[in-house]
Amino acid sequence: MAKLLGLLVLLGLGWLVVKRLLGPAPVRRDPPQPRFEKTVRCARCGVHLPPALTRSSEVGPVCADDECQARTDTRRNTAAGPERRP
C-alpha cells in the first residue's frame, strides 16, 4: 500500500513539474468591443438609432420601423386640431 501511495505522490509531483515547465496556458482575448456606437437622429420622430437601422428619405435618415410613419401621421393630424366648418 505504501508503494502505491508513493507512486501516486511521485506522479503528482511529476505532473506539477511538467506543468510548471510548460508555463501557463495562453489567455485568449477577444478584441475589445467599441464602447459607443455612432447614432443618427430620425427626421420624423427624433429617436437616436444606429445608421444600419435607418432608411434615407427626402427629409433625412428615418426609422426603418413602419410604425414611425404611422405615429408621425397621427401626430400631424392631432396637432392641426379639429377641422372647422364655416
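Start by selecting strands β3 and β4: a hairpin joins β3 to β4 through 2 residues. Keep in mind as you look that this is a predicted model. Strand β3 covers residues 54-57 and strand β4 covers residues 60-63. The two run antiparallel, and 4 bridges join them.

**Along the hairpin**

Now pick out individual partners. Select S56, and you will find its bridge partner in β4 to be P61. Move on to S57, which has its place in strand β3. Which residue of β4 is the bridge partner of S57? That partner is G60.

Stay with S57 for a moment. Is S57 buried, partly exposed or exposed? Its relative accessible area is 28%, and buried would mean under 20% while exposed would mean over 50%, so S57 counts as partly exposed. A43 lies 14 residues from S57 along the chain, and the C-alpha atoms of the two are separated by 8.9 Å.

**Into the core**

Select C42, C45, L49, V62, C63 and C68, the 6 residues that form the largest nonpolar core. In soluble globular proteins, nonpolar side chains tend to be buried together.

Center the view on C63, a member of that core. Which residues does C63 touch, leaving out those up to four places away in sequence? They are C42, R44, C45, L49, L53, R55 and C68.

**Over to the first helix**

Select residues 2-22 to see helix α1, with its 21 residues. From its first C-alpha to its last, α1 reaches 30 Å, close to the 30 Å expected at 1.5 Å a residue. How many of the 21 residues of α1 are buried? The count is 0, and α1 is hardly covered. Step just past the end of α1 to G23, where phi is positive, at about 90 degrees.

**The loop that follows**

Continue to E37, which sits in the loop between α1 and β1. Buried or exposed, how does E37 count? E37 counts as exposed because its relative accessibility is 59%, and the cut-off for exposed is over 50%.

**Stepping back**

Finally, show the whole protein chain. It has 2 helices and 4 strands, and from the N terminus on they run α-β-β-β-β-α. Of the 86 residues in the chain, 12% are buried. The accessible surface comes to about 8400 Å², and carbon and sulfur atoms hold 61% of that. Among contacts with a separation of 6 or more, 16% are between residues 24 or more positions apart.

The mean pLDDT of the protein chain is 79, and 79% of its residues reach 70 or more. Where is confidence highest, and where is it lowest? Strand β1, residues 40-41, has the highest mean at 92, while helix α2, residues 66-79, has the lowest at 62.

Methods
Residues are numbered from 1 along each chain as its sequence is written. This is a predicted model: local features need pLDDT of at least 70, side-chain atom pairs count only at pLDDT 80 or more; totals for chains, interfaces and linings use all residues. Side-chain values use heavy atoms; hydrogens and water are left out. Buried means under 20% relative accessible area, exposed over 50%, partly exposed in between (1.4 Å probe, protein chains only). Contact means heavy atoms within 4.5 Å. Accessible areas come from the Shrake-Rupley method with a 1.4 Å probe; for residues, only the protein chains shown count as cover. Two strands pair if DSSP finds at least two bridges between them. pLDDT is the predictor's confidence in each residue, from 0 to 100. A nonpolar core is a set of buried Ala, Val, Leu, Ile, Met, Phe, Trp, Tyr and Cys residues joined through side-chain atoms within 4.5 Å. The expected span of a helix is 1.5 Å times one less than its number of residues.
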